[in-house]
Amino acid sequence: MPVFKAPFSGYSVRFSPFHEGRLLVATSQNFGILGNGRVHVLDLLPSPAAPGAPAIAEVAAFDTADGVYDCCWSESHDSLAVSGVADGSLKLWDVSLPSSANPVRSFREHSREAHAVDWNPVRRDSFLSASWDDSLKLWTLDRPASLRTFREHSYCVYAVSWSPRHGDVFASASGDRTARLWDVREPTSTLVLPAHEHEILSCDWNKYDECCLATASVDKLIRVWDIRSPRAPLANLAGHGYAVRRIRFSPHRESILLSCSYDMTVCMWDYRSEDALIARYDHHTEFAVGIDMSVLVEGLIASTGWDELVYVWQHGTDPRAMP
Amino acid sequence: MEKAINRQRVLLQHLQPSSSASSLDGSPLISASVCAAGDSAAYHRNSSFGDDVVIVAAYRTAICKSKRGGFKDTYPEELLAAVLKALLDKTNLDPKEVGDIVVGSVLAPGAQRATECRMAAFYAGFPETVPIRTVNRQCSSGLQAVADVASAIKAGFYNIGIGAGLESMTANAMAWEGSINPKLSQFKQAQDCLLPMGITSENVAHRYGVNRQEQDQAAVESHRKAAAATAAGKFKEEIIPVTTKIVDPKTGEEKQVTISVDDGIRPETSLSTLGKLKPVFKKDGTTTAGNSSQVSDGAGAVLLMRRDVAMQKGFPILGVFRSFAAVGVDPAVMGIGPAAAIPAAVKSAGLQIEDIDLFEINEAFASQYVYCCKKLELDPAKVNVNGGAIALGHPLGATGARCVSTLLNEMKRRGKDCRFGIISMCIGSGMGAAAVFERGDVVDELTNARRIQSQNLLSRDAM
């Protein structure tokens, strides 16, 4: 299946919600410690022109002065995407415009690294950012400044995820060992979930069950929660050898989720079944830090990591196998 | 860089669950590599390295009052030739082994001074193969020359070099040539670059509240300490006697003299005599001729080389060049330069200010000197212990090189308790420079040999 070699370490990958086979990739030089960043827009070619020809074409690439830690597509415009940059800024890109006209917006409020961004999939008019400055911020495209800052976490906020059902509800995950639920209509967080005893690096909502949230942590575990009874998790998924960096619920199957980890593997889980671990992909040769599952093509998975490679493959096939 | 270290720290914690949390498994498998040393890390270092840049010798001429002092009828290049020759004579170094000579010089026209320096090298006995150049970072030119040579040695351009400084304020006065760009009026800070230095001193005194009393007191101290040092013969080790001529201004009679003592020191200076002086730059100001540095002639030279070269040749190691920093400040208060440069140089040496045992801070004006000492909370017993430019004089380009010999000789006298020293000065047009030196005999050759804790399996043959 297609592989794309980026010049910098991969940090995040997202499928377009509008175009089948269009990908957004966030990368950072020198593992994101020091240097520049680049956002790639990639297209999967339906069938390679010739055997051996690349099956991925780069549509656009945008450079930043610092590493790019996360990115996501707009849910309202098919050509817009936003990225979180290590200098704390958020950059809005328009893929239909030449790179000289980009970024079309740069939002600068976070005082430290912007580590995660997520676009509201219900209202589609706003997005959230999470930063190492311990805060989250809510933004719309028509305002130069953030609408609101959510400041309750006591350490880096690593992840943010909008509820797929409620346009006002989102979850955040932080190094302060809590996940928090928020409603933008409320002044404070609505639930503090001390989900792990170590830093929490990622969280995601179940796409079919509005009360089901998953968290992933440095303690190598993934936990699935029913937020109505937050005292104990629904499931404990153990199997990664190091911190779990990112998790995504499947857009097609209720109980399936995908994870990637500092142990360099990408794993697929069914949290309802006894043997939860369905598949383990060990194609990356450095930390695997970015994953996504296509909404438009069932079973299509993308992953990226510090080995500077972006893989796209069908679940059940070998990511490294060339067509 | 701090940002990168922080990022590394955050990411590292993802791999190594913090110990404060209830431990899932005890032994951490991954640890940070030694790349972000903590505060004062250098203080614990006692191994020596062959590529350290060390100072083997540092000499200076006496510092004499310009137009009236001992060097008023001496060609500037004679002063430089004297110190360069002294380096060769005192060390028996083969002059053709010197990779480069860098001379700090401020007031003289650039091309003429560069040529004069080249001529001085010939007078001193250097062969044509040894190159020479000048550098101008205003009042810190001499220190910059030493730093330039240290960096070139570190970079591997050559193994042995000389950093020097030369200024004859008799021959070259402060002057501005040509017209002034009218664009200047739109740039406040560019405009401030043209302020007379005395006005910047008044600005420092006014902005940071340094009163006349404190300034005069500092001047008295400077003269007292310099006089005591001269009386005790402390400068004899660093001053090279220069035999030259002097012309009697009345009779026109030419006389041969040997100058070996600084002639600007006035041991009898007291608060009451200084108090009578009128401010020079501002009617209600505080800067007087008595509490400003003197206008002087002089030269200094410092011989630097790699430590392994010095060991091989059997030279004594006077000191180790540890770090250098130049930092910009507001031109209107250029005197605060050391307060900005010293912390930067100390930090890049991996130290803290408390670790520094001796300071040589140029007394351009008592106002800025007093301010810098107060701002950095320095112990007066550690600063300018043998007086400063108010008593000795400030031959602009030579001062940095002069300070190296004064500092290192004093560190030698003080013994092993005096390990780190710093030289700093403010710079006209708004900058400060500072360099950290370590005494040469602290390191222990034996500690270089590290005990092997376990078989590292590098080679089967080694087993």
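What share of the contacts in chain A with a separation of 6 or more comes from residues 24 or more positions apart?

**Figure 1. Overall make-up of chain A in the predicted model.** Residues 24 or more positions apart account for 46% of the contacts in chain A with a separation of 6 or more, where two residues are in contact if their C-beta atoms, placed from the backbone, lie within 7 Å. This is a predicted model, in which local features need pLDDT of at least 70 and side-chain atom pairs count only at pLDDT 80 or more, while totals for chains, interfaces and linings use all residues. Residues are numbered from 1 along each chain as its sequence is written, chains are lettered from A, and ligands are numbered from 1, in the order in which they are written. Chain A has 0 helices and 28 strands; helices (H or I, at least four residues) and strands (E, at least two) are DSSP runs numbered from the N terminus. Of its 323 residues, 54% count as buried, that is, with 20 or more other C-beta atoms within 10 Å of their own, C-beta atoms being placed from the backbone.

**Figure 2. The open sheet S10-S11-S12-S13 of chain A.** Four strands, in the order S10-S11-S12-S13, form this open sheet with antiparallel pairing, two strands being paired if DSSP finds at least two bridges between them. Strand S10 (114-119) and strand S13 (148-150) of chain A each have a single partner strand, so one side of each is left without a neighbour in the sheet. From one strand to the next the twist averages 20 degrees. Within the sheet, strand S11 (residues 126-131) and strand S12 (residues 136-140) of chain A run antiparallel and are joined by 5 bridges, and Leu128(A) has Leu138(A) in S12(A) as its bridge partner.

**Figure 3. The open sheet S18-S19-S20-S21 of chain A.** This open sheet of 4 strands has the order S18-S19-S20-S21, again with antiparallel pairing. Its edge strands are S18 (200-205) and S21 (235-237) of chain A, each of which pairs on one side only, and the twist averages 20 degrees from one strand to the next. Strand S20 (residues 222-226) of chain A is joined to the antiparallel S21(A) by 3 bridges, and the bridge partner of Arg223(A) in S21(A) is Asn236(A).

**Figure 4. Packing of helices H2 and H3 of chain B.** Helix H2 (residues 76-91) and helix H3 (residues 110-124) of chain B pack at an angle of about 45 degrees, with their axes 8 Å apart; axes are lines fitted to C-alpha atoms, for helices over the stretch in contact, and angles run from 0 to 180 degrees between N-to-C directions. H2(B) and H3(B) are therefore oblique to each other, since angles under 35 degrees count as roughly parallel, over 145 as roughly antiparallel, 65 to 115 as roughly perpendicular and the rest as oblique. The residues that make the contact include Leu80(B), Leu84(B) and Leu88(B) of H2(B) and Met119(B), Ala120(B) and Tyr123(B) of H3(B).

**Figure 5. Crossing of helices H4 and H13 of chain B.** The axes of helix H4 (residues 141-155) and helix H13 (residues 399-414) of chain B come within 4 Å and cross at roughly 70 degrees, which makes H4(B) roughly perpendicular to H13(B). Among the residues of the contact are Gly142(B) and Ala145(B) of H4(B), together with Gly400(B) and Ala401(B) of H13(B).

Conventions. A residue is buried if 20 or more other C-beta atoms lie within 10 Å of its own, exposed if 12 or fewer, and partly exposed in between; C-beta atoms are placed from the backbone.
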